[in-house]
Structures are given as C-alpha cells and as structure tokens.
Amino acid sequence: MFTPRPRFGEQTPPAIFPPVLGLFGLGLAWRRAADVPGAPAFLGEMVLGAVTLLFLFCAFAYGRKVARRAGVVAEDLRVLPGRAGLSALVLSVYLSAAALAPLARPLAEGVLWAGFALHAGLVVLVVRALLTGPAEARTVTPVWHLQFVGFIVGAVAALALGRVGVAAAILPVTAGLAVLIWGASLVQLIRRDVPAPLRPLLAIHVAPASLLGTVAAGVGNWTLAYVFAALALGLVVALLARLRWLIAAGFSPLWGAFTFPLAAFAGMLLALGQGPVAAPVFAVAGGVALVAASLAVPAIAVKVMQAWARGGLGPKTNAARA
C-alpha cells in the first residue's frame with residue numbers, strides 16, 4: 001500500500017531545540033575563552049555562525065508546522081518534551097542576540113527584545129496549559145527552570161549588549177524563582193524516585209545556577225556569583241556521582257537536556273576566571289569543563305538531529321502533527 005511522503009515540517013518536533021540551545025551556549029563559552037592566552041579565538045565565532053544557521057533552519061521547519069495549523073503549539077505544550085523544546089526555542093532567540101551583539105548591535109537589540117516578547121507569550125501559554133491540563137501535569141519539573149527562570153538567559157544577552165541595568169533587574173527575580181523550583185524539586189526527589197527515562201532532565205538544574213553566577217559576575221556582584229558557583233559545582237558533582245543512575249534508560253531525545261547545562265557551567269567558570277578570587281583556578285577549571293562540553297554537546301546534537309532526519313523523533317516525543 002502506498003504511503004504518502006510526509007510534508008516538510010508536518011511534525012517538526014520541539015525536541016530539536018534543546019541541542020541547538022546547547023550549541024549556542026558552547027559557542028558563547030568558546031567566545032569567552034578567547035580571552036585566555038593560547039585559546040583559539042576563531043573557534044567561538046565558527047561555532048556560533050554554524051549554530052545560528054542551524055537554528056534558523058529548525059525555526060523555519062517549526063514555523064512551517066505552525067503556519068499549517070496554529071493549534072499545534074498548544075498541543076506540543078501538553079507533553080514534557082514539547083514544553084522543554086519550545087522553551088529551548090525561545091531561549092535560543094536570546095542567545096542568537098548574544099551571538100550577534102559584537103557583529104550587528106542594532107539587529108541584536110531587536111532580537112533580544114523579540115526574545116523577551118516571545119518568552120512572555122510562552123509563559124502565558126504554559127500557565128494556561130498547566131491550569132487546564134490534568135493535575136499530574138502541574139507537577140514541578142526541571143523544565144520549569146527553562147520557562148520561568150529562563151529570563152536569566154535574556155540577562156546574559158543583555159550583558160553582551162552592555163545593558164547592565166536590564167541584567168541587574170532580571171537577576172534577583174529569577175534567582176528567587178530558581179530557589180523555589182530547586183526547593184520543590186528537592187522535596188519531590190526525597191519523596192519518590194524519578195523514572196529512569198526522565199532522569200536526564202535533572203541536569204537542567206545546573207543551568208540556572210550557572211547562569212545566575214555568570215550574570216552576577218557580569219553586574220559586579222562577585223559574592224553572589226561565588227554562591228551560585230558553589231551551588232552549580234555541588235549539583236554537577238552530585239550528578240556525576242550518580243551518572244550511571246542518571247543515564248540508566250540509555251540514549252533518548254531527552255539527552256538534549258544535558259547540552260546547555262554543560263555549556264553554561266563551563267561559561268560560568270570562565271567568567272569567574274576574570275574575578276578577584278582564585279581567577280587562575282577558575283580559568284583552568286573552565287577550560288577543562290569547556291573541553292568536556294565540546295566533546296559531549298555536539299555528539300548529542302548530532303544523534304538528536306539524525307533521529308529527526310530519519311523521521312523517528314516526532315513520534316517518539318509525541319510531537320503534534322499539523
């Protein structure tokens with residue numbers, strides 16, 4: 001029996017965006033590492049150029065799906081991979097602004113504020129989905145960091161554009177939200193085990209700690225930066241200590257959740273390498289973390305993109321079909 005070939009973008013899965021976000025973070029970390037003597041200055045720009053093109057292609061593919069039937073956005077937000085993926089899409093807009101900042105400042109400014117607008121719209125849709133969906137969907141998950149604390153990514157882009165006041169305003173609000181989500185997640189983790197397929201999402205907890213540390217350093221609040229750095233380091237050590245438990249279910253599209261936290265952690269350490277306390281130690285640690293991220297992030301991104309190209313990623317992540 002003849003099966004019609006699916007149209008391009010018909011079931012574009014939001015799960016393609018977390019690895020894109022991770023690649024953006026990796027490129028920005030390499031750009032920061034260019035200040036370290038001996039580091040290849042061109043590598044960050046090369047990665048950022050490539051991932052910007054990849055992001056535009058992925059966003060176009062998802063836009064084709066939305067253009068066919070706008071309701072797919074609400075449907076994608078009903079499932080966890082969809083919420084994580086669409087959040088990563090919006091956060092990638094912020095990082096594309098950061099990537100553009102030294103090259104085309106007016107364009108980067110416009111992209112940054114478009115990112116804030118898109119993010120606010122996403123939060124409204126997510127809250128509506130949580131309120132109208134089943135009770136179990138309202139359970140706090142690490143993905144809540146991407147949705148509600150994710151404005152801190154906009155603060156990173158604001159710093160790249162010299163908007164220190166914007167970053168300073170975002171910092172305390174997002175820090176408070178992050179603490180609430182960490183607390184709720186810790187209570188849930190104590191009360192019950194996390195199903196093996198969902199454990200990779202726990203890595204997301206590292207990202208807000210790392211970004212809050214980076215932004216705190218960027219606005220000159222070094223005490224707060226070191227506090228969040230200690231928290232991020234503690235989370236990384238805890239996750240590494242239970243790595244076999246974390247990846248017990250084997251590779252899945254949710255491994256995309258590892259990518260951005262790895263890059264954000266390396267970027268934070270490199271930022272602290274310019275600080276007043278133990279700068280050489282942080283610089284060396286940041287270099288080690290950046291090499292590790294450079295090995296892991298592209299490998300995960302390639303596997304996720306291959307799954308998309310073969311047509312299995314959409315059904316596997318319950319992506320809506322236009």
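These notebook entries record what I looked up in the predicted model.

**Basis.** I worked from a predicted model, in which local features need pLDDT of at least 70, side-chain atom pairs count only at pLDDT 80 or more, and totals for chains, interfaces and linings use all residues. Residues are numbered from 1 along each chain as its sequence is written, and side-chain values use heavy atoms, with hydrogens and water left out.

**Overall fold.** I found 14 helices and zero strands in the protein chain. Helices (H or I, at least four residues) and strands (E, at least two) are DSSP runs, numbered from the N terminus. Along the principal axes, the C-alpha atoms fill a box of roughly 65 × 50 × 35 Å. Of the 322 residues, 52% count as buried; buried means under 20% relative accessible area, exposed over 50%, and partly exposed in between (1.4 Å probe, protein chains only).

**Salt bridges.** I took a salt bridge to be a side-chain nitrogen of Lys or Arg within 4 Å of a carboxyl oxygen of Asp or Glu. By this rule the count is seven. I looked up Glu10 and Arg321, whose side chains meet at 3.1 Å, N to O. Glu10 lies in the segment before helix H1 (17–33) and Arg321 in the segment after H14, so this pair ties together parts that are 311 residues apart in sequence. Glu10 is buried at 14% relative accessible area, whereas Arg321 is partly exposed at 42%. Next I checked Asp76 and Lys65, which form a salt bridge at 3.0 Å, N to O. Asp76 is in helix H3 (residues 72–76) and Lys65 in helix H2, so the bridge ties together parts 11 residues apart in sequence. Both Asp76 and Lys65 are buried. In the bridge between Arg199 and Asp193, the closest N and O atoms are 3.1 Å apart. Arg199 is buried at 9%, and Asp193 is exposed at 52%. I also recorded one network, in which salt bridges that share partners join Arg105, Glu109 and Arg163.

**Aromatic rings.** Rings of Phe, Tyr and Trp (its six-membered ring) pair if their centres lie within 6.5 Å; planes under 30 degrees apart count as stacked, over 60 as edge-to-face and the rest as tilted. I counted 11 aromatic pairs by this rule. Phe57 and Trp308 make a tilted pair, 5.9 Å centre to centre with 50° between the planes. This pair links helix H2 with helix H13 (residues 279–309), its members being 251 residues apart. Phe57 is partly exposed at 42% relative accessible area, and Trp308 is buried at 18%. I noted one aromatic cluster formed by Phe17, Phe24, Phe55 and Tyr62.

**Charges over rings.** The rule requires NZ of Lys or CZ of Arg within 6 Å of the ring centre and within 35 degrees of the ring normal. I found the charged end of Arg242 over the ring of Trp245, 4.3 Å from its centre. The charged end of Lys303 sits over the ring of Phe251, 4.9 Å from its centre.

**Backbone.** Most residues other than glycine have a negative phi. I noted that Ala278, which is not a glycine, has a positive phi of about 50°. Ala278 is in the loop between helix H12 (259–272) and H13.
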